[in-house]
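Trainee: I'd like a close look at a single part of this model, with its surroundings for context. Could you take me through it residue by residue?

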Amino acid sequence: MAKIQVGFLVSYDYKLIQNALPPIYEESDTVFLAIDRNRRTWNGEYFTIEESFFEWVKAFDTKGKVVIYEDDFYKPELSTMECEVRERKLLAAQMGEGNWIIQLDSDEYMYDFKKFTDFLKSHNHYLKSRKPIQICAWKVNLYKYVDGGVLYVDKLDKFMLAVNHPAYKVGRHCKCRSVYTDSIALHDCLSRERSELVQKLENWGHNTDIDKEAFLHKWDTVNKSNYKTMQGFFYLEPMNWKTLEFMPGANINELLVNFRKTSKLSVSSLFLAMKNFGQWFRMLFK
């Protein structure tokens with residue numbers, strides 16, 4: 001039978017795995033943690049992982065599902081994005097062709113994972129297709145923690161979550177047919193301590209694509225009092241994230257409870273039907 005194989009890219013923000021791993025653990029057959037053997041980022045900077053993290057993983061992994069996969073993921077002759085794509089492909093090879101390949105980042109927290117895996121299992125026929133198909137979900141991007149809660153992007157953002165064949169081109173994007181689901185994740189995207197945010201901006205796959213100083217100036221400036229007076233928050237093309245909203249909550253679990261009281265964690269069936277029909281129709285001509 002096809003397995004539900006989940007892989008995380010683990011680096012300098014490894015502590016966030018303690019939020020990301022529990023929601024997906026029960027429904028996964030195997031969980032792979034991909035860690036650079038030399039503790040280097042895609043930009044070549046060194047990072048450390050405290051031994052207590054591995055002790056936590058061992059204690060949490062009561063069913064023996066977690067595999068630590070270490071390899072040399074940094075290549076100085078490659079760009080950060082090329083290093084990312086290479087790591088994702090190497091990780092996918094470990095996860096096994098013929099299974100559902102799900103890749104998450106440490107800061108992505110799935111809270112309806114059973115619904116997502118039920119969808120995959122009901123579409124196992126995609127695994128027999130020779131053409132790559134990517135299964136997409138949606139995420140709420142958390143932008144900045146402020147007093148009493150978090151500022152988040154007032155727009156659901158799609159992301160490629162599972163594939164039948166890991167033909168990654170840019171990040172997780174395979175540049176192939178997308179099938180959209182109504183699953184949602186909270187994404188601890190930019191909502192971290194400033195020093196940790198700077199580390200991310202300098203070492204992720206988009207590090208050469210952004211105006212770091214301009215972005216950080218806006219991130220530093222926005223707060224709970226003025227966010228409604230500002231626009232344009234995306235790190236690439238600012239107006240792709242036009243506005244922010246505030247959600248109260250002292251931690252991720254409280255935030256989730258409060259998000260579920262709103263319509264922010266829902267996608268309409270009509271919208272999904274239109275997106276999926278558009279993808280099907282477009283691929284008829286390819």
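Trainee: Where is Arg 39 found?

Mentor: Happy to. Please bear in mind that this is a predicted model, in which local features need pLDDT of at least 70 and side-chain atom pairs count only at pLDDT 80 or more, while totals for chains, interfaces and linings use all residues. Residues are numbered from 1 along each chain as its sequence is written, and side-chain values use heavy atoms, with hydrogens and water left out.

Arg 39 sits in the loop between β2 and α2. Helices (H or I, at least four residues) and strands (E, at least two) are DSSP runs, numbered from the N terminus. The backbone of Arg 39 has a positive phi of about 55 degrees, although Arg 39 is not a glycine. Lys 175, in the loop between β8 and β9, is another residue other than glycine with a positive phi, near 55 degrees.

Phe 53, Phe 54 and Val 57 are buried in α2. Seen down the helix axis, the buried residues of α2 fall within an arc of 95 degrees, so they line one face of the helix; the arc is that of the directions from the helix axis to the C-beta atoms. Glu 51, Lys 58 and Ala 59 are exposed, on the face turned away from that buried side. What covers the buried residues includes α1 (17-25), β2 (30-36) and β3 (66-71), where contact means heavy atoms within 4.5 Å.

Now for the aromatic rings. Rings of Phe, Tyr and Trp (its six-membered ring) pair if their centres lie within 6.5 Å; planes under 30 degrees apart count as stacked, over 60 as edge-to-face and the rest as tilted. By this rule there are 16 aromatic pairs. The ring centres of Trp 56 and Phe 60 are 5.2 Å apart and the planes are at 15 degrees, so this pair is stacked. Both residues belong to α2 (residues 51-60), 4 residues apart, about one turn of the helix. Trp 56 is partly exposed at 22% relative accessible area, and Phe 60 is partly exposed at 23%. For Tyr 69 and Phe 73, the centres are 5.5 Å apart and the planes are at 75 degrees, so that pair is edge-to-face. Tyr 69 and Phe 73 are both buried. Ring pairs also link Phe 53 and Phe 54 with Tyr 14 into a cluster.

Charges meet rings as well. A charge sits over a ring if NZ of Lys or CZ of Arg is within 6 Å of the ring centre and within 35 degrees of the ring normal. The charged end of Lys 65 sits over the ring of Tyr 25, 5.0 Å from its centre, and Lys 144 lies over the face of Trp 219, at 4.7 Å from the ring centre.

Lys 175 is exposed, with 55% relative accessibility. Arg 172 lies in the loop between β8 (157-163) and β9 (177-187), yet Arg 172 is buried at 11%. The side chain of Arg 172 makes a polar contact with the side chain of Glu 108 at 2.7 Å, and a polar atom of the Arg 172 side chain lies 2.9 Å from the backbone oxygen of Gln 103. A polar contact is a pair of N or O atoms within 3.5 Å; within protein, one must be able to donate a hydrogen and the other to accept it, and residues adjacent in sequence count only if both atoms are side-chain atoms.

Finally, the cysteines. With a disulfide taken as a pair of cysteine sulfur atoms within 2.5 Å, a search of the whole structure finds 0. The sulfur of Cys 174 is 4.7 Å from its closest cysteine sulfur, in Cys 176, too far for a bond. For Cys 136, the closest cysteine sulfur is also in Cys 176, at 8.2 Å, again too far for a bond. Cys 174 is buried at 3%, and Cys 136 is buried at 0%.

How values were computed
Buried means under 20% relative accessible area, exposed over 50%, partly exposed in between (1.4 Å probe, protein chains only).
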